[in-house]
Amino acid sequence: MAKTVILGVIGSDAHVVGITILEQALSAAGFDVVNLGVQTSQEDFITAARDADAEAVLISSLYGHAEQDCQGFRERLDEAGLDIVTYIGGNLAVGQDDFEETRRRFRELGFDRVFDSETDPEDAIAALRQDLQIATTEAERHRVEG
Amino acid sequence: MLRDEPIPGEQLRRIDEEIRGNWPTGQAVDFEEAIAFHESLPASKRFADVLEAAEKPLLQPRAGVPRLDDQIDLLEHLQNAGQADLLPTTIDSYTRDNEYEKAQQGLDDARADGEDTLNGFPAVNHGVDGCRELIEALDAPIEVRHGTPDARLLASITFAGGFQSFEGGPISYNIPYTKEHDLEETIRHWQFVDRLAGAYTERGVRINREPFGPLTGTLVPPCIAIAVMVIEGMLAVTQGVRSITLGYGQVGNLVQDVAALHALRSLGEEYLGDDVAVTTVFHEWMGGFPPDEARANGVIGLGGMTAAVAQPDKVITKSPQEFQGVPTKEANAAGLRTTRQLVDMVIEQNVQLVGVDRELNLIQKASRELIEEVLALGDGDVAQGTLAAFDSGALDVPFAPSDSAKGDVLPARDDDGRIRIFEFADLALSDDVKEIHRNRLDSRADTEGRDQTFRMVADDVDAISDGKLIGRPQGGD
């Protein structure tokens with residue numbers, strides 16, 4: 001059965017290109033995608049995840065304010081009783097010269113995987129297959145570094 | 001019901017008073033006194049006259065900082081070191097969201113410690129007097145550039161403040177910029193802006209209006225951009241605007257860009273009528289830039305080359321620091337000089353490109369189909385037709401964040417790097433046009449030995465910043 005994933009751009013960010021491409025890629029890979037679009041609040045992500053009985057939430061952010069926008073998100077998911085895989089990707093900090101530091105901070109916020117803005121959709125899909133235990137090929141497994 | 005009809009004078013005054021009552025600086029606007037101020041300006045600051053009289057493309061950068069004295073310094077630099085013909089004032093994001101209190105806080109912070117937390121010039125907070133000080137300090141005409149869905153107060157204050165050109169429109173400043181603004185409401189708000197520009201125009205102060213051509217700035221097919229430009233132009237003309245600059249963003253294929261600029265001008269003149277001065281503006285590449293100033297200069301150079309061949313009335317330049325966001329004033333001036341070098345070297349060569357006529361015919365046919373569908377859906381009323389067309393997807397913009405557009409159309413480059421439509425969704429194009437697009441994309445798929453998939457779209461989005469035009473598959477991938 002197809003797994004459902006929630007997709008959206010958090011906060012006041014209006015950058016839509018990345019999630020548009022990701023939506024196409026995820027659909028082609030056999031996922032049921034709920035694309036919440038740009039300027040999506042934490043509450044909207046949580047409501048959508050609950051309503052769609054989703055397996056994963058993929059958050060995109062490109063304007064540099066993701067850390068503020070994501071404060072308390074994991075806690076709210078836990079309060080809602082949603083044990084769900086969470087990824088975030090994009091330009092996650094203003095002037096991100098050290099991505100490992102950015103990754104560490106977002107892991108502390110509770111994200112299972114953190115991707116930079118250069119990530120190919122295939123990498124996110126391979127990671128999802130691994131984390132959601134969907135059968136995958138060796139080649140894809142090797143790509144996963146997020 | 002929303003109609004494409006002029007706002008009656010009494011209603012214009014009522015809305016104007018209400019809008020200006022919403023923020024203290026609105027009180028300082030006095031229409032008669034503003035007309036007198038405009039009449040006092042020298043001919044060199046009359047935006048429409050300067051633009052329409054130009055014999056070769058005029059160059060204009062983007063630029064805006066919060067403090068008035070800094071904005072004057074910045075524009076003086078672009079005028080002197082960059083030799084800009086026309087100047088901009090780019091408005092900050094809070095003002096674009098009508099958050100004048102936050103803009104005030106940002107302006108106060110900038111004044112207190114020099115820290116620029118605003119990304120532009122908060123013209124509403126500077127008020128009529130602040131705007132006039134800016135207009136008086138510079139020699140060239142200055143345009144207001146922004147991205148504001150509800151720009152009524154901004155227009156009221158900047159028109160009274162001496163600005164004679166104002167970017168934006170109900171579609172072009174809604175669909176690419178916001179998620180939840182209702183298109184009908186945005187059209188009403190821009191009818192007010194255009195009617196106000198029309199009121200000045202009737203008194204001999206022609207306010208130039210410039211719909212924002214690049215839209216989402218991401219591989220926008222020329223026919224979609226041109227249809228939106230002509231529609232916004234028609235809405236503005238109804239309200240009395242008589243100087244309109246239609247825009248188009250560089251896609252990077254020389255033949256297609258030249259053809260699109262010619263199509264934009266001819267369809268603009270055809271649909272907007274004889275008593276309107278139609279000019280065109282070419283935006284240098286609005287997509288992702290290479291993260292390398294030398295390569296970025298190459299992209300800018302191609303823009304200058306294209307402008308020299310197509311000869312639009314105006315070029316909006318980019319800076320080699322585009323990748324990093326807001327450029328230094330030196331980099332901004334460098335983008336102007338690079339563009340001018342290319343324009344001046346090429347413009348007298350009378351370059352004739354093979355294939356422009358064919359591409360021009362295709363773009364004109366497709367643009368006309370979209371425009372005519374909008375008119376048909378509105379039963380002749382362009383405002384109603386616009387609502388119906390975006391609602392059904394008959395008119396659509398790729399990568400649109402707005403809930404008011406379907407955003408289902410997807411573009412991809414063909415084997416020559418021209419933008420074609422990969423996913424038409426409900427776009428109102430004929431089977432003839434669709435077949436040409438499909439065939440062209442098939443050729444590319446053959447060349448690359450892969451199927452037409454969204455992967456081409458994704459590759460094309462990144463191609464120019466990666467150093468190419470077309471997102472071909474890489475070896476070993």
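What follows is a chat about how some labels on this predicted model are reached.

Me: What should I keep in mind about the numbering and the model?
Reply: Residues count from 1 along each chain as its sequence is written, while chains are lettered from A and ligands numbered from 1 in the order in which they are written. As the model is predicted, local features need pLDDT of at least 70 and side-chain atom pairs pLDDT 80 or more, whereas totals for chains, interfaces and linings use all residues.

Me: Why are H1(A) and H17(B) called roughly antiparallel?
Reply: The axes of H1 (residues 17–28) of chain A and H17 (residues 454–466) of chain B cross at roughly 155 degrees and come within 10 Å. Angles run from 0 to 180 degrees between N-to-C directions, on lines fitted to C-alpha atoms over the stretch in contact. Over 145 counts as roughly antiparallel (under 35 is roughly parallel, 65 to 115 roughly perpendicular, the rest oblique), so that is the label for this pair. The crossing is also left-handed, meaning that the near helix is turned anticlockwise from the far one by less than a right angle.

Me: Which residues meet where H1(A) and H17(B) touch?
Reply: From H1(A) come A:Val17, A:Ile21, A:Gln24, A:Ala25 and A:Ala28, and from H17(B) B:Phe454, B:Val457, B:Ala458 and B:Val461. Contact here is C-beta atoms, placed from the backbone, within 7 Å. They split into eight nonpolar, one polar and no charged; Ala, Val, Ile and Phe are among the nonpolar types, and charged covers Asp, Glu, Lys and Arg, with the others polar.

Me: Why does A:Gln39 count as partly exposed, and why B:Phe399 as buried?
Reply: Buried takes 20 or more other C-beta atoms within 10 Å, exposed 12 or fewer, and partly exposed is in between. A:Gln39 has 19 such neighbours, so partly exposed it is; B:Phe399 has 26, so buried. A:Gln39 sits in the loop between strand S2 (32–35) and helix H2 (42–52) of chain A, with phi near 50 degrees, positive in a residue other than glycine. B:Phe399, also not a glycine, has a positive phi of about 60 degrees.

Methods:
Helix = DSSP H or I, 4+ residues; strand = E, 2+ residues; numbered from the N terminus. Contact = placed C-beta atoms within 7 Å.
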